[in-house]
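User: I'm new to this one and would like to learn how to read it. Could you walk me through it feature by feature?

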Amino acid sequence: MNLVINTLDELLAHAHELEREAVERYEDLAGQMEVHNQPELAELFHKMAAIEQQHVVKVESLAGSQPRPLAPWDYQWQTPESPESVPVGQGHYRMNPHQALTLVLACEERAEAFFAELAESTSDPAVREMAVQFAAEEKQHAELLKEWLARYPEPKADWWQDLDDPIAQE
Amino acid sequence: MNKAEPLIARYSHKDYKSAVKPIWCPGCGHFGVESSLFRALAYLELPPEQVAVVSGIGCSSRIPAYTQCYGFHGVHGRAPAVATGLKLARPELTVIVTSGDGDAFSIGGNHFIHACRRNVDMTLLVMDNEVYGMTKGQPSPTTPADWDSKIAPGGTGVNPFAPLAVALASGANFIARGFSGDPNGVARLLVEAIQHPGFSFVQVLSPCVTYRPEEKFWKKMVHSSSVEPTHDPAVAGHRLLSDDGFTTGVFYIGNRPTYTATVGTSDNDLSAIEEELAI
C-alpha cells in the first residue's frame, strides 16, 4: 500500500493513533507480565507506556485537541497494526529484559521508518517537515534504547525451558 | 459501512476494557481479538452499557470478565442459548457471543447449529486455535487429523469440523473469517457482523502459542479473499468447501428475516403470566 498523506490533519491523526496504540499495547504487556510474575518486565512496560503517553499529549498539543480518529482500517500503516505497537503474538512469559527491550527497539525503528517514508512520499512541505521531525524523535528513542539494551545480558540458549512446563502431559 | 465521522472519539479501547488483567499466555492470539472487539465497539460508538458479551467456557470465554460491557460467563457450549434469550428479552442490546472451537463446535455444537438456524440478531465470535488450551492441549473439533501430540500420538485421524460451511448450511446470515494478527482487519469484520441483521458468525484464527506453537506461522499462511462476498448460498458453499481454511474476509451475506420475539414482554404481559401461574 502506497503511503499518501498530504495534510497535517491526516498526519496528526496517524501520529496520535500510533502513540495511543503503543500506550495501549505496553499497558497490556505490563499486565501480562504482572500476571506471570515478571515484575521487572511489568515495570519496564509501564515505563514505556508512560513515555508514549507523553507523546500522545504532545501530538494533541500540536493538533490543538484530540485529532479526529479514522476507522481502524483506514490508517495507512505498512504493517498489520500501527508500527510502534508490539505485534500480537510477540510476548513470552519467560522472556528477559533484553528480549523485551529488543521488542521495544523494533517498535521505535518501525515508527521511525514509517515517518521517514511518509516524509519521502508526501507532496506537502509542512507535512514533510513535521514527519521528518517525528522520524528524528523516534530515531533518538531508538538510540537511547540501544544503550539500555547493552546493559542487559542476552538470554541463555535454554531461556524458554520451564521446569514446570505447561505442555507436560505425562 | 457509511457513518458520519465524529469530531472527537466518543469511545476508545479503554472505555470497554475492565480492570481485570487477562490470564492468557503472553503471545496468545486472543489479545488481538479482544483488541479488535474493543476497536469495533468504539468505531460503532456503542455505549458499554448497551452491549452484552456472553460466553461459555474456555480461554476465549474469559472475555466477559475483561470488558466493561455487561457480561455473562455461562455454561460450557450454551452461550448461544443464553444470548438468544437475552436478545429476545432485551432487543435493544447489542449481543455478542464469544467462544472457542471446543466450546462452540463440540460441547456446544448443537447450540451452534440451531443458533444459525434461528437467525436471532447477534454476533458469534469464535476464537479458533484448534486446541483445548485451558485443559492443557487436547485436540479440538477443528484440530487437523494428523496433529501429533503427547495426548494424541499420531493424531486423532478424524477429519476436522468445517465451521463456516456448517454455519452456511444451518442458516447463518453473515459468515466471515479473520486472523488475530490483523486486529484492524478483524475489527472491520466485527463492525460488519454487528451491523448486519440476524445471526452473524465470525471465525477468528487465533494461535495458541503454548500448546500449538507452530500456529505462530499462521501469519504467513493467511491471505485475504480476492472476491467480493456473495449473497448466493450456493456460491458461498462452493467457495467454503474449496477453501484452504486460511482465507480471510466476508464469505456470505444473507438476507433472511431476523427472528424476533412474538410474545410481548411488557409489564402487562408479565403480570398476566404471573396471574396465570399463581397458585
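This is a predicted model: local features need pLDDT of at least 70, side-chain atom pairs count only at pLDDT 80 or more; totals for chains, interfaces and linings use all residues.

User: How many helices and strands does chain A have?

Analyst: Helices (H or I, at least four residues) and strands (E, at least two) are DSSP runs, numbered from the N terminus. Chain A has four helices and zero strands, giving the pattern α-α-α-α along the sequence. Its C-alpha atoms fill a box of roughly 60 × 30 × 30 Å along the principal axes.

User: Which annotation covers residues 10-60 of chain A?

Analyst: An unreviewed UniProt entry labels them "domain: Rubrerythrin diiron-binding"; such annotations may be inferred rather than shown by experiment. In the model, residues 10-60 of chain A are 94% helix and 0% strand, and their end C-alpha atoms are 13 Å apart.

User: How many residues of chain B are in contact with chain A?

Analyst: Two residues are in contact if their C-beta atoms, placed from the backbone, lie within 7 Å. Here 32 residues of chain B are in contact with 25 residues of chain A. On the chain B side, α2 (30-43) and α7 (183-195) each supply at least two residues, and α7(B) gives the largest share, five residues.

User: What about burial? Which residues of helix α5 of chain B are buried?

Analyst: A residue is buried if 20 or more other C-beta atoms lie within 10 Å of its own, exposed if 12 or fewer, and partly exposed in between, with C-beta atoms placed from the backbone. In α5 (residues 109-118) of chain B, the buried ones are B:H111, B:F112, B:A115 and B:C116.

User: And why do they line one face of the helix?

Analyst: An α-helix has 3.6 residues a turn, so residues three or four places apart point the same way. Down the axis of α5(B), the buried residues fall within an arc of 135° (taken from the directions from the helix axis to the C-beta atoms), so they line one face. They pack against α3 (79-89), α4 (101-107), β4 (122-128), α6 (163-170) and β6 (199-205) of chain B.

Conventions: Residues are numbered from 1 along each chain as its sequence is written. Chains are lettered from A and ligands numbered from 1 in the order in which they are written.
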